[in-house]
Structures are given as structure tokens and as C-alpha cells.
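Me: I am new to reading protein structures. Could you walk me through one, feature by feature?

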Amino acid sequence: MKEQTEVGKLKEGKYLLVDDEPCKILSISVSKPGKHGAAKARLDVMGIFDGVKRSIVQPVSAKVYAPIVERRNAQVISIAGNVVQMMDLESFENFEVTVADDVIGRIEAGKETMYIYSMEKRKIDFL
């Protein structure tokens, strides 16, 4: 799910959809309007799920999409290699998440953990 908003209303720490990838805004710099144009905003963002840094330049009045990012709780059912099977604690839906090697050591079967859900993708979240 996503919602439409203007570039000028975005703030650091919020989310933005770039190349159909939900991204967190790291920094925003706005230039002054010129003689023949509108003010431009440069946004430095990082993908939530892929970790890729991106940079975009848009007019402040341009319309962009902001993904709806939810933090949910789940119980870890099992761990097999880098694949973690989890169950959402609200909907009781079972799903699998692939995680990195450094995250596997911080997860235990039977424990509750928080995960990020956006654009039909999931990622285990450690605050």
C-alpha cells in the first residue's frame, strides 16, 4: 500500500518509494527557486529491504508516493540456515524471511521479535 504526497512535505526519517522500493529518507536539501524554475529538493534515501543508497532530485511541488510501513510483532517458529519461519501475532499468518548471517545469532526459536512490513515484503527489525 502507498499514498501520494508532495516532495516539499517530506521530512528526514520518513519513507519514500523510489524505483518501486520502499526507502527511508536520510537527508533532504532544498535549493532556492531560480529565475526560470521552481525550487528543487535533493533526497538521499536508503532502501529498507535492499540497503542500497539512492539519490533523487525533484521539484518541491512534484507528487511522489510514500509507502505505508508497518512494524509488527511475530513469534519465531523455526530457523533453518538463513531462513526464519515466523508467525504474525495478530493475524496468525505463517511466513518465511531470509536473513543475513550476523542476524541469525540474535534470533531464537520460540521468542517474539519485531518485523517491518511494506509493499508485500518483510524484514526482521532490530531497533
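This is a predicted model: local features need pLDDT of at least 70, side-chain atom pairs count only at pLDDT 80 or more; totals for chains, interfaces and linings use all residues.

Me: Let's begin with strands. Which residues of strand E9 are on the covered face, and which are on the uncovered one?

Reply: The general idea comes first. In a regular strand, side chains alternate between the two faces of the sheet. Strand labels come from DSSP: helices (H or I, at least four residues) and strands (E, at least two) are runs numbered from the N terminus. Here, strand E9 covers residues 94–98. Phe95 and Val97 are on its covered face, while Asn94, Glu96 and Thr98 are on the uncovered one.

Me: Which strand pairs with E9, and in what sense?

Reply: Two strands pair if DSSP finds at least two bridges between them. Strand E8 (residues 83–88) pairs with E9 in the antiparallel sense, over 5 bridges. In this pairing, Met87 stands opposite Asn94 of E9.

Me: How many residues lie between E8 and E9 in the hairpin?

Reply: There are 5 residues between them. Look for Phe92 in the turn: its phi is positive, at about 60 degrees, in a residue other than glycine. For accessibility, buried means under 20% relative accessible area, exposed over 50%, and partly exposed in between (1.4 Å probe, protein chains only). Phe92 has a relative accessible area of 57%, so it is exposed.

Me: Where does Glu120 lie, and what is its phi near?

Reply: Glu120 lies in the loop between strand E10 (112–118) and strand E11 (121–125). Its phi is near 65 degrees, again a positive value in a residue other than glycine. Because its relative accessibility is 65%, Glu120 counts as exposed.

Me: Back to strand E8. Is Asp88 buried or exposed?

Reply: Asp88, which has its place in strand E8, is buried yet has no salt bridge. For charges, Lys and Arg count as positive and Asp and Glu as negative, while His and the chain ends are not counted. A salt bridge is a side-chain nitrogen of Lys or Arg within 4 Å of a carboxyl oxygen of Asp or Glu. The nearest side chain of opposite charge to Asp88 is Arg72, 4.1 Å away.

Me: What does the side chain of Asp88 reach?

Reply: Here you need polar contacts: pairs of N or O atoms within 3.5 Å, where within protein one must be able to donate a hydrogen and the other to accept it, and residues adjacent in sequence count only if both atoms are side-chain atoms. The side chain of Asp88 reaches the backbone nitrogen of Glu90 at 2.7 Å. A polar atom of that side chain also lies 3.0 Å from the backbone nitrogen of Ser91. Contact, by contrast, means heavy atoms within 4.5 Å. Not counting residues up to four places away in sequence, Asp88 touches Arg72, Asn73, Ala74, Glu93, Phe95 and Tyr115.

Me: How many salt bridges does a search of the whole structure find?

Reply: Side chains of opposite charge can pair when their charged atoms come close. The search finds 8 salt bridges in the whole structure. One is between Lys63 and Glu6, with the closest N and O atoms 3.4 Å apart. Lys63 lies in strand E6 (residues 63–67) and Glu6 in strand E1 (residues 2–6), so this pair ties together parts 57 residues apart in sequence. Lys63 is exposed, at 52% relative accessible area, whereas Glu6 is partly exposed, at 26%.

Me: Which residues are linked with Arg54 in a network of salt bridges?

Reply: Asp19 and Asp50 are linked with Arg54 in that network. In the salt bridge between Arg54 and Asp19, the closest N and O atoms are 3.9 Å apart. Arg54 lies in strand E5 (residues 53–59) and Asp19 in the loop between strand E2 (15–18) and strand E3 (21–30), so the pair ties together parts 35 residues apart in sequence. Arg54 is buried at 17% relative accessible area, but Asp19 is exposed at 67%.

Note on methods
Residues are numbered from 1 along each chain as its sequence is written. Side-chain values use heavy atoms; hydrogens and water are left out.
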